[in-house]
Amino acid sequence: MKIENFPEDIQPYLIPDPVSDGGGRLIYRCLECGQEYGIEKLLYTCPECGQVLLIYDANFDRLKKIPGELWHRIFDYRKMLKISALKGIYLYHEFIGSIMPLDSIVYLGEGHTPIVEANSFLQKKAGIRFYFKNDGQNPSASFKDRGMASALSYINFLIKKGYLSDVLAICASTGDTSASAALYASYLKPHVKSAVLLPHKKVTPQQLSQPLGSGASVFEIPGVFDDCMKVVEALSEKYNVALLNSKNAWRILGQESYSYEIAQDFEYDMNDKVVILPIGNAGNITAVMSGFLKFYETGIIKTLPKIIGVQSKHANPVYRYYLEPDAEKRKFVPVTVKPSVAQAAMIGNPVSMPRVIHLVDIYNSMSDKQNVFFVEVSEQDIMDWELLANRNGHIACTHGGESLAALVSAYEKGIIEKNEVAIVDSTAHALKFSGFQEMYFANSFPAEFEISPNPDLINSPVFIRPKDLEKVPAPGKPLTGEDFKRFVERTSEEIANALNLKRV
Ligand SMILES: *Cc1c(COP(=O)(O)O)cnc(C)c1O
Ligand SMILES: [Zn+2]
């Protein structure tokens with residue numbers, strides 16, 4: 001819809017203008033020492049104390065002057081505009097990057113992913129009403145695109161301002177960060193080039209093909225993600241590169257859009273809602289808490305939804321940290337990870353742990369009760385729930401299966417009650433992790449996964465080649481005449497037999 005066709009009172013708010021908006025002022029703030037820094041430079045950690053940073057809007061209070069109900073109308077009407085910069089995560093411009101001129105925004109189709117209610121069969125199995133939010137339906141097939149759209153828009157902004165030129169964007173990855181980083185960087189060619197570091201044989205073939213296809217320099221190194229991360233950190237300290245891991249606080253800002261979309265899709269009513277998401281490097285749960293908090297502080301939502309973070313028993317440092325009920329006694333201990341089908345979350349020493357600790361406190365205290373919970377699930381449950389979900393119309397990845405397994409476990413433990421409604425994060429597309437499905441169907445998981453298939457969930461193709469046929473078609477060698485007729489007849493008969501079909 002064209003701007004002049006919207007109600008007059010809403011028109012001035014529809015197209016965000018960083019200049020006349022009254023002054024969003026973004027700053028980096030250190031979570032440890034409280035130091036603040038301007039955003040003209042790319043910073044990842046505090047130059048004073050080395051701790052991770054978050055980006056705040058120093059003039060955030062101006063957004064509180066707009067009533068929550070008016071914000072609802074702004075976002076709902078803004079969705080009808082046909083301006084591509086505002087079609088993705090920047091629909092929530094004032095909350096995600098209020099300083100960003102629209103012509104710096106990189107939009108590749110990310111965000112506004114479908115929220116799909118589970119069918120009654122699956123809801124009965126889980127015991128509770130729930131939806132999947134399919135973040136695999138982003139351009140590189142994972143939620144990482146939300147953060148990359150923000151980080152690369154910001155880099156684009158710095159380039160346009162003349163603060164940066166010839167950027168080498170670099171990241172360590174469990175597979176999806178590199179796929180996303182390489183995709184967004186390739187759009188900003190030739191000003192931005194990208195290089196990605198992957199743990200050798202610890203990403204799926206699909207995830208490896210993605211940065212290669214986007215033209216990034218791809219390096220495979222021995223070890224696991226945590227080892228890659230150390231190498232990337234060393235590179236970013238010594239050389240002039242732009243780090244695209246979630247240590248980069250711009251990533252977090254973009255990923256907040258996940259919360260904003262949930263709020264908007266439920267008409268901003270977060271009563272009795274539970275959001276469940278997997279934790280790896282903990283950037284996602286950081287962003288989701290931060291997003292809901294911002295909408296709460298501005299009156300856009302009146303309640304903070306319950307948040308449940310899930311980890312596999314094979315990579316569970318965050319879960320272990322919160323096992324200790326007494327906050328004073330908690331101590332973070334990195335873990336050595338074991339193989340996990342939730343491979344993108346196979347991280348023993350999450351970079352965003354200080355952010356999680358900081359935000360969980362705020363989230364619980366703003367909620368006036370414990371409202372963030374952590375659960376762990378087995379590898380077996382992850383696979384079983386993923387496959388069951390996908391047999392009921394979903395496209396969940398292993399991490400989506402992990403979130404669903406967490407829903408069931410949290411409900412059994414009484415963390416979730418019957419009247420609540422869950423939004424379960426499927427962070428990537430099923431196809432990225434189809435190798436694990438194949439291992440399940442072939443019962444070929446190495447012992448350390450501790451997964452044995454449930455026969456009811458196994459599926460495999462059946463080869464049909466009627467024994468009595470002398471000739472069958474082959475590529476480049478089609479059958480003709482009677483031979484072909486017989487082939488079609490006999491093959492369809494065998495399939496009909498296999499399916500127990502009745503004649504019409
Ligand atoms: C990155 C990733 C995660 C983990 O998210 P963090 O922000 O690292 O906690 C989970 N699932 C998928 C598919 C991912 O790519
Ligand atoms: Zn500091």
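Is Lys79 buried, partly exposed or exposed? Lys79 is partly exposed, with a relative accessible area of 41%. On this scale, buried means under 20% relative accessible area, exposed means over 50%, and partly exposed lies in between, with a 1.4 Å probe and protein chains only.

Colleagues, a word on the basis of these values. This is a predicted model, in which local features need pLDDT of at least 70 and side-chain atom pairs count only at pLDDT 80 or more, while totals for chains, interfaces and linings use all residues. Residues are numbered from 1 along each chain as its sequence is written, chains are lettered from A and ligands numbered from 1 in the order in which they are written, and side-chain values use heavy atoms, with hydrogens and water left out.

I begin with the salt bridges. A salt bridge is taken as a side-chain nitrogen of Lys or Arg within 4 Å of a carboxyl oxygen of Asp or Glu. A search of the whole structure finds 22 of them. Lys79 forms one with Asp265, the closest N and O atoms being 4.0 Å apart. Asp265 lies in helix α11 (residues 257-265) and Lys79 in the loop between α3 and α4 (93-96), so this pair ties together parts that are 186 residues apart in sequence. Helices here are DSSP runs of H or I with at least four residues, strands are runs of E with at least two, and both are numbered from the N terminus. Asp265 counts as partly exposed, at 40% relative accessibility.

A second salt bridge joins the side chains of Arg73 and Asp9, at 2.8 Å from N to O. Arg73 belongs to helix α3 (residues 68-78) and Asp9 to the segment before α1 (11-14), so the contact ties together parts that are 64 residues apart in sequence. Arg73 is partly exposed at 31%, and Asp9 is partly exposed at 45%.

Arg490 and Asp468 meet through their side chains in a salt bridge of 2.8 Å, N to O. Arg490 sits in helix α18 and Asp468 in the loop between α17 (434-441) and α18, and the two are 22 residues apart. Arg490 is buried, with a relative accessible area of 16%, whereas Asp468 is partly exposed at 40%. A network of salt bridges links Asp468, Arg486, Arg490, Glu493 and Glu494.

Which residues of α18 are buried? They are Phe487, Arg490 and Thr491. These residues cover an arc of only 100° around the axis, which puts them on the same side of α18; the arc is that of the directions from the helix axis to the C-beta atoms. The face turned away from the buried side of α18 carries the exposed residues Gly481, Glu482, Lys485 and Leu499. As for its length, the 19 residues of α18 should span 27 Å at 1.5 Å a residue, and its end C-alpha atoms are 27 Å apart, which agrees. That expected span is 1.5 Å times one less than the number of residues.

Leu499 lies in α18 (residues 481-499) and counts as exposed at 55% relative accessibility. Together with Ile495 and Leu501, Leu499 forms a nonpolar surface patch with about 300 Å² of accessible area. Patches are made of residues with over 30% relative accessible area and no salt bridge, with like charges joined within 9 Å and nonpolar side chains (Val, Leu, Ile, Met, Phe, Trp, Tyr) within 5 Å. Accessible areas come from the Shrake-Rupley method with a 1.4 Å probe, and for residues only the protein chains shown count as cover. Just after α18, Asn500 takes a positive phi of about 60°; Asn500 is exposed, at 65% relative accessibility.

I turn now to the strands. In strand β5 (residues 130-134), five of the five residues are buried. Phe130, Phe132 and Asn134 point one way from β5, and Tyr131 and Lys133 the other way. Two strands pair if DSSP finds at least two bridges between them. Strand β4 (residues 115-117) runs antiparallel to β5, with three bridges, and Glu117 stands opposite Tyr131. Strand β13 (residues 421-426) runs parallel to β5, with five bridges, and Val424 is the bridge partner of Phe132.

Finally, an open sheet of four strands has the order β8-β7-β6-β9, with parallel pairing. Its edge strands are β8 (217-221) and β9 (242-243), each of which pairs on one side only. Five bridges join β7 (residues 192-199) to β8 in the parallel sense, and Pro199 stands opposite Ile221 in β8.
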